[in-house]
Amino acid sequence: HDSIGLGEDGPTHQPIEHLAISRATPNTLVFRPADVVETAEAWEIALSQKTTPSVLSLTRQNVPTVRTQHKTNNLVEKGAYVLADAEGKRQVILMATGSEVAIALEARDLLQAEGIGTRVVSMPCFELFEAQDEAYRKRVLPGGPVRVAVEAATRFGWDKWLLGERGREAKAGFVGMDGFGASAPAETLYEQFGITAEGVAAKAKSLL
């Protein structure tokens, strides 16, 4: 299940740590799809694995379809990919998974409206992205722009992509959780914990 989006089930039922636990498990593919398209692609990959188990972490919230252009390739197979690129000079890269990808896209609109070129990278599977060659990883996450990750869970496991593989390639920030949630509707919780388009845009601007 998906993080604090479980809302009314209370903080003890909001598995903000489970993504990190799953990602720390050897020989496991962990998928957190953003929409129905990414979910179908993740399922196709999971069914094709002969020696590697897969975890699909799915929301029960209503989420918009973020993949609105048809692609013949399975983009989730790369682990991460550019969902929306910057208009003008690229100053910010927003990385997100699951239901937070839509928030990152809204934050991009806010930043672009202020003339801040912003790329959005969907990262449904860290393990598959890490398996890509270095040239592809650098195309998706080039050095230079500030990086902000958005996930309604703990930061654990994000620093490799936030700070760069050498740990010094970018100014970086994280919008997510550093404790357990609360008991309220999902929309209320996201506002309470600042996991909003406005919060993401503010974090990015603070790093420029």
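Contact, as the word is used here, means heavy atoms within 4.5 Å. The structure is a predicted model, in which local features need pLDDT of at least 70 and side-chain atom pairs count only at pLDDT 80 or more, while totals for chains, interfaces and linings use all residues. Residues are numbered from 1 along each chain as its sequence is written, and side-chain values use heavy atoms, with hydrogens and water left out.

The secondary structure comes to eight helices and seven strands, taken as DSSP runs numbered from the N terminus (helices H or I, at least four residues; strands E, at least two). Overall values are collected below; the accessible surface comes from the Shrake-Rupley method with a 1.4 Å probe.

| Property of the protein | Value |
|---|---|
| C-alpha span along the principal axes | about 40 × 40 × 35 Å |
| Accessible surface | about 9900 Å² |
| Accessible surface belonging to carbon and sulfur atoms | 51% |
| Buried residues among the 208 residues | 52% |
| Contacts joining residues at least 24 apart, among those at least 6 apart in sequence | 75% |

Buried here means under 20% relative accessible area, exposed over 50%, and partly exposed in between, with a 1.4 Å probe and protein chains only.

Helix α3 (residues 100–113) has 14 residues and reaches 20 Å from its first C-alpha to its last, close to the 20 Å expected at 1.5 Å a residue, where the expected span is 1.5 Å times one less than the number of residues. Its buried residues are E100, V101, A102, I103, A104, A107, R108, L111 and Q112, and what covers them includes strands β3 (81–84), β4 (90–96), β5 (117–122) and β6 (146–150) together with helices α7 (186–192) and α8 (197–207). Just after α3, G115 takes a positive phi of about 80°.

A nonpolar core is a set of buried Ala, Val, Leu, Ile, Met, Phe, Trp, Tyr and Cys residues joined through side-chain atoms within 4.5 Å. In the largest such core, of 49 residues, L94, M95, M123 and I195 touch the most other members, and α3 gives the most to this core, with six residues. Not counting residues up to four places away in sequence, I195 touches, among others, E100, I103, V150 and Y190.

A search of the whole structure finds three aromatic pairs. The rings of F126 and W158 have their centres 4.8 Å apart and their planes at 80°, so this pair is edge-to-face. Rings of Phe, Tyr and Trp (its six-membered ring) pair if their centres lie within 6.5 Å, with planes under 30 degrees apart counting as stacked, over 60 as edge-to-face and the rest as tilted. Both F126 and W158 are buried.
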